[in-house]
Amino acid sequence: MKISKDDIISILFLFPLYAFLAVMVFIPLLNVVLGSVGISLFGGQSKFSLEGYLKFIDPSEPYLYSLFFTIYISLIATVISVIAGYLFAVYLTIKKPRIWQKISTVMTVPLFVPYVVGAFMWWTLLFPSGYLSYVINGILMSLGIIKSPIPLVNDPHGIGILFGEVWIRFVVAFMMFYGPLQLVSQDLVDAARTLGASTWDIIRKVYIPITKYSIIATSAIILLATMAGVSIPLILGGSWPQFLNVMIYIDVTRLFRFQTAYVSGVFYIISSLVLGYIFFRFTTKRVIIQVR
Amino acid sequence: MDTKYIASLVILFLIGIGIGYGAAYGIYAAQKPATETITSTVTSTVTLGGGGGGTVTVTKTVTSTGGIPQELDTRNVYTLSWDQIVQLAKKEGEVVWYGFGSTYERNFFTNLCQMFTKETGIKCTYVHGSWFDTVQRLISEKKAGKTVGSIDVVLAWSKPFEMAYTAGAVYDVNLAEIIPNAKGIPFVAKYFHDMYPTNGRHLPILSWWVGFLYRKDLLKPSELPQSFDELLEWVKKHPGKFTYCDPNKGGSGHTFLIGLAEWYYGYDKFAFAAFSEKRAEELFNSPGKYNMSFWDYLNTLEKYMYMPGTYPQGNKATIELFEAGKVWLEPMWISITMQEVESGRLNPDWVGMYIPKPTMPGPFDGVFIPFNAPHKAAALVFINWLLSDKVQALIPEKIGAYPAVTKAWELVPQSVKEQPWWPKNPPYNDLITWRNFGPLWFRHADYMFYLMQQWVNLVARK
């Protein structure tokens with residue numbers, strides 16, 4: 001095979017990019033994978049072992065359950081955020097309330113508040129003496145749904161995590177939907193109205209079909225972001241069950257079990273890759289077609 | 001055999017010896033402290049007896065190697081007097097200290113650095129960070145063979161120290177022998193940290209302690225569980241009024257857990273014992289008090305605790321429950337209690353503190369010098385200064401911890417000792433009596449870590 005001058009120029013130009021990807025992406029990932037089997041990439045003691053994997057898949061250990069809990073809570077947070085964000089974006093698109101222009105910047109606050117601060121804010125609200133805790137528990141007790149106050153933060157059901165995640169992800173979802181919704185032709189909406197469609201019909205039969213790939217892509221991004229976050233589940237989550245990334249954090253900084261942390265990391269990477277593949281592989285082409 | 005061949009071999013052999021000797025000498029010379037050599041010539045005149053008479057003049061050259069080396073290593077430090085170390089420290093002129101803790105600790109340590117600079121003329125810089133990052137950095141530097149680093153003194157607790165020491169990232173000298181003020185530290189604390197042998201490579205400078213924080217306005221001392229034996233009964237009588245921090249999220253939680261275990265099976269089962277997972281598993285699943293395993297005991301306790309199954313996620317979250325009036329009794333750091341009162345978040349009239357029988361174990365946290373500290377002499381002088389009575393006596397007042405040097409307690413103002421966050425029950429009301437006559441228990445780091453790991457699965461998960 002002959003290497004042409006153009007090939008050499010291309011290689012030279014792209015070399016910094018490949019080097020950057022190798023150093024910043026490939027080597028860290030390789031380090032996690034090798035670390036999970038007890039091999040150190042950067043010197044130190046190395047001994048091949050599958051102990052970490054055996055521990056991870058052992059149902060009596062907390063890791064596998066933590067992975068399921070992470071996916072489960074992330075899915076719920078994604079569904080709530082996407083539905084709420086979408087409906088709010090549709091509402092603004094259809095109604096165009098005047099006040100929105102004045103208060104729209106307020107909506108972006110969660111985007112600029114550090115996750116730790118947002119999480120701690122929710123902790124103070126949902127903490128047993130927080131006013132939101134009093135309000136929610138009061139309502140539930142007055143309705144006879146519960147007999148005594150339930151924990152809304154650091155709880156075993158992930159309620160606190162859901163509050164924190166949805167607060168941030170809802171805004172992300174809304175921002176991502178608002179743009180595509182503005183591109184939907186008003187003529188289609190007017191035509192539907194002329195034919196007697198209700199607002200709900202317009203949402204179902206006009207907006208959703210046109211923006212469905214945007215919904216899928218946004219859902220994927222939010223799901224992956226929720227799964228990857230650590231501050232919110234660390235502060236608002238309970239002792240059990242825990243997000244897998246909280247387990248990684250504790251394994252590394254508290255218990256110094258690096259191999260188990262690496263194994264959790266590998267499962268995290270695999271889960272993210274699978275979810276990413278499912279969403280992007282089947283949506284990207286269609287999104288491109290839709291854009292065209 | 002060819003003579004030329006043999007001659008060549010001999011020559012090569014001699015050259016080899018020469019190179020080997022030269023290399024060995026080079027290494028030796030590199031390791032040898034650069035000394036100030038004093039050369040003097042002594043001339044003696046001896047008159048010979050005997051019939052012949054006459055005089056012989058003998059001239060000798062004497063070389064003294066008692067000067068100060070350019071820098072300290074693991075050997076020459078033992079040959080120097082303390083005055084010489086101080087002299088070298090002044091020549092180095094700088095020390096960099098890495099610590100951790102709350103904003104109280106940060107402010108206190110920063111002020112200490114300023115005091116040290118003012119008193120000694122050696123510039124001290126305090127860097128507030130995370131012990132984990134600091135130790136990981138040192139380990140990386142060791143692996144990378146970086147012989148001159150940028151950190152001179154590191155504040156660390158047992159596990160990070162163990163990690164650094166195991167990795168060879170600690171200046172391998174017995175600080176307890178070299179530093180004069182170290183003699184005031186309790187002997188065991190000088191050589192062990194959380195029962196991990198430090199060999200004097202780590203010296204405690206303070207001692208954070210966990211006690212039982214209780215609502216003084218609601219409970220009389222006689223109404224409290226005087227010992228761990230009475231804890232379960234008390235919790236049953238006062239459902240929802242007791243909690244403890246998630247052991248993986250805060251030190252008050254895991255200190256309580258190991259203290260409880262040492263009481264549950266007897267301190268002798270843990271005191272400086274070797275660790276194995278098998279033994280730990282057997283021990284904690286064996287029947288202790290109430291004929292229950294340790295896990296069964298914790299799960300029984302949980303049923304009557306505040307919001308069973310929900311554990312506060314950190315020391316701060318735990319004391320917030322107390323401040324909100326939700327719980328009346330909880331294990332808590334004395335230092336955090338002090339900081340919460342001083343910041344106005346906790347009503348001092350509510351605060352009562354005591355240590356239940358048999359006692360509560362605690363850590364003696366302290367400092368070590370990294371293997372590649374650029375100013376080792378200054379680091380030694382700084383640690384010695386930290387252990388001076390004057391500085392040690394500031395610790396209780398400023399951060400709510402005990403001094404590592406026991407007798408410094410005498411210098412602590414009475415007004416500080418009377419604050420409500422200090423345990424009032426004897427012998428804990430007088431540190432000197434407590435340290436001298438006990439009971440002074442220590443945490444066993446390995447068993448404590450085992451408990452922390454298993455707790456998630458066997459208590460929280462359940």
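Q: Before we start, what counts as a contact here?
A: Two residues are in contact if their C-beta atoms, placed from the backbone, lie within 7 Å. Keep in mind that this is a predicted model.

Q: OK. For chain A, what share of the contacts with a separation of 6 or more comes from residues 24 or more positions apart?
A: 71% of them.

Q: What box do the C-alpha atoms of chain A fill?
A: Roughly 70 × 70 × 35 Å, along the principal axes.

Q: And how much of chain A is buried?
A: Of its 292 residues, 30% are buried.

Q: Let's look at α8 of chain A. Where is the kink in α8(A) centred?
A: On A:Val166, with a kink of about 30°.

Q: What span should helix α8 of chain A have, and why?
A: The helix covers residues 159-183, so its 25 residues at 1.5 Å a residue should span 36 Å. Its end C-alpha atoms are 36 Å apart, which agrees.

Q: New topic: chain B. How many residues of chain B are in contact with chain A?
A: 22 residues of chain B, against 21 residues of chain A.

Q: Which helices of chain B each supply at least two residues of that side?
A: α4 (131-144), α5 (158-166) and α19 (445-460). The largest share, six residues, comes from α19(B).

Q: How do the residues on that side of chain B divide into nonpolar, polar and charged?
A: 10 are nonpolar, six polar and six charged.

Key
Residues numbered from 1 in each chain as written. Chains lettered and ligands numbered in written order. Predicted model: local features only at pLDDT ≥ 70, side-chain atom pairs only at ≥ 80, totals over all residues. Helix = DSSP H or I, 4+ residues; strand = E, 2+ residues; numbered from the N terminus. Expected span 1.5 Å × (residues − 1). Bend = angle between axes of the 7 residues up to and from the residue. Buried ≥ 20, exposed ≤ 12 C-beta atoms within 10 Å, placed from the backbone. Nonpolar A, V, L, I, M, F, W, Y, C, P; charged D, E, K, R; others polar.
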